[in-house]
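Colleague: Could you walk me through this one? I would like to start with the sheet and then move on to other parts.

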Amino acid sequence: MLRTSSYTIYVDLPCSQEMLLVHTYTGTFDKVSQRVATYVRSLEVSRPPKPLYGQWSPERAIEGEVTPPSDATIELLQKRGYLTSMTRAEEEDFFKRYVEKLYALYARRPPSFLLIPTYDCNLRCSYCFQDHMRTDKNFRHLLRCMSSSMVDRIFKAMLKIESLHGIPPDAESRRDIGLFGGEPLLAENRPVVEYIINKGQERGPVRFWAISNGTQLDAFEDLLGPEGLAAIQITLDGPPRQHDLRRVDAAGGGSWDRIAPNVTMALEHGVKINLRTNVDRGNFEYLTELADEYISRGWVRYPNFASHVSPIRATTENIAPKATFNSLELDRGLREMQDQHPNLKVIGLVDDSLRNQAHRIFTTRGLPTFKPSFCAAHTGMYIFDAFGDIYACWEKTGDERLKIGHVEENGDVHFNSEINNMWRKRTVASNNVCLKCRYNLFCGGGCAVLAWENQGGFYMNYCDGYAQRFRQSVAAAYLDFASGNELANKTAAFCEL
Ligand code: SF4
Ligand code: SF4
């Protein structure tokens, strides 16, 4: 007996009498008539289960009579995965095995490395998750700078970690090394940063990037550029006056006037600059002014310039949950604001990458990339601090209880298998809610830290409005193409039922 697969997604296509069916694990997508979509929906054995947090999606009730399509169409629907003869339990078992295999493939990808030259920082932003390290004297011992001998140890350890991922020591693939903090680009840390860059370059092809507050970038000018420090993310939290209220130094003074000239200087050197704005309800309304600032300073004319917003999360007690947005709310609010203020289009929105991924459905014959787990913290990210401790996730760096391992003096890596497994074994099949979710391989199961802090469990889901964001992004991508001739050509690639 046939039933609808538990992993079938329905997307309403705007201004169209048709619907898009997407199937999660077969990776198929088909534009179908409402009649066929209604038939598929009528074979759902029960309402999809609800997640513990948020709504997956408000589903429309089935309207009108259900008329089965032809036998040939039903056979095709089964072949494409939308209908199945497996029971729910059988399909879940099948899906678990599928995720295991997919995850094993991901885990063989080259690892990504980040170094934390120091946990110290010259700013005191109220929402910083590492704030306690600089304000509580019990954590002061953490604020030391990485030594060059520790850099040597870490580079030895990288080779050993790469071999665990199946990468031979003579592989010619390019390494990707990030610098993170604290503030990694403090002027006083320049010697060790230069040492890290030289060491990386001696070892073969490498690309360096950093997440920096940009206040002392001028001390690194000769290291900047496509061959050195090639990409930097810098935070500006609003136009000058707003930014200076939020990104303050230890004496409470603003930081805009130190950052802005450095942004221009780095752009001139060909560094890819991505300006990030951390948004909550307090600075949301100033984003149009910030966009005007980007335009008037000429930054948007550089091909190596990009910007984006990110919602501030209530991850410390300094942040009131009511003052925050989730991704869905922020994306919606900004899109509405864009209609009134077209200049705002120079700032990338939360779901731009999801939208770009959704475009794949209509441009190439493929779906957004499958994610058996949410982020690199669950596969191959290794973050080394000045003490040789290794972390999987940057939000938890400095919390010794959560380090996944340590680099020994000879460069050997000692893993804490319990903590390492906790991070590395979180997939969309490792909690029952994500396992049953039809969006799981696109979403990846949400951020573990946010699940932990909002739901009380690391192995729980954190949906962040994903189902709606996915469907909206796919519908928007469809509209983009429907507005041009392109759609006529591209939809020929569809299997139209
Ligand atoms: S677990 Fe969450 S906070 Fe940590 S790296 Fe992944 S997405 Fe970021
Ligand atoms: S896969 Fe994503 S959308 Fe689905 S339940 Fe898990 S966190 Fe929520």
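Predicted model: local features only at pLDDT ≥ 70, side-chain atom pairs only at ≥ 80, totals over all residues.

Colleague: OK, what is the strand order in the open sheet of 3 strands?

Modeller: The order is 2-3-4, and the pairing is antiparallel. Strand 2 (8-12) and strand 4 (28-33) are the edge strands with a single partner strand each, so one side of each has no neighbour in the sheet. From one strand to the next, the twist averages 25°.

Colleague: And how many bridges hold strand 2 and strand 3 together?

Modeller: Strand 2 and strand 3 (residues 18-23) pair over 5 bridges, while strand 3 and strand 4 pair over 6 bridges, again in the antiparallel sense. Taking Leu20 as a reference point, Val11 stands opposite Leu20, and in strand 4 the bridge partner of Leu20 is Lys31.

Colleague: What about the turns, where is phi positive?

Modeller: The hairpin of strand 2 and strand 3 has 5 residues between the strands, and Cys15 in that turn has a positive phi of about 55°. In the hairpin of strand 3 and strand 4, with 4 residues between the strands, Gly27 takes a positive phi near 70°.

Colleague: Is strand 3 largely enclosed or open?

Modeller: Strand 3 is largely enclosed by the rest of the structure, because 5 of its 6 residues are buried.

Colleague: Which helix lies across strand 2, strand 3 and strand 4?

Modeller: That is helix 1 (residues 34-42), which runs at about 115° to strand 4. Helix 16 (residues 466-482) also packs on the sheet, touching strand 2, strand 3 and strand 4, and its direction makes about 50° with that of strand 2.

Colleague: Switching topic, how far does helix 5 reach?

Modeller: Helix 5 (residues 148-164) has 17 residues and reaches 25 Å from its first C-alpha to its last, which is close to the 24 Å expected at 1.5 Å a residue. The residue Gly166, which follows helix 5, has a positive phi near 80°.

Colleague: Which residues of helix 5 are buried, and what covers them?

Modeller: Among the buried ones are Met150, Val151, Ile154, Phe155 and Met158, but Arg153 and Glu162 are buried as well. The cover includes strand 6 (112-115), strand 7 (175-179) and helix 6 (190-202), along with strand 12 (381-384).

Colleague: Last one, what surrounds ligand 1?

Modeller: The residues around ligand 1 are Phe374, Cys375, Met381, Cys393, Trp394, Glu395, Cys447, Ala448 and Val449. By class, that shell has 8 nonpolar, no polar and 1 charged residues.

Technical notes
Residues numbered from 1 in each chain as written. Chains lettered and ligands numbered in written order. Heavy atoms only, no water. Pairing = 2+ DSSP bridges. Helix = DSSP H or I, 4+ residues; strand = E, 2+ residues; numbered from the N terminus. Axes fitted to C-alpha atoms, helices over the stretch in contact; angles between N-to-C directions. Contact = heavy atoms within 4.5 Å. Expected span 1.5 Å × (residues − 1). Buried < 20%, exposed > 50% of the residue type's maximum accessible area, 1.4 Å probe, protein only. Near = heavy atom within 4 Å. Nonpolar A, V, L, I, M, F, W, Y, C, P; charged D, E, K, R; others polar.
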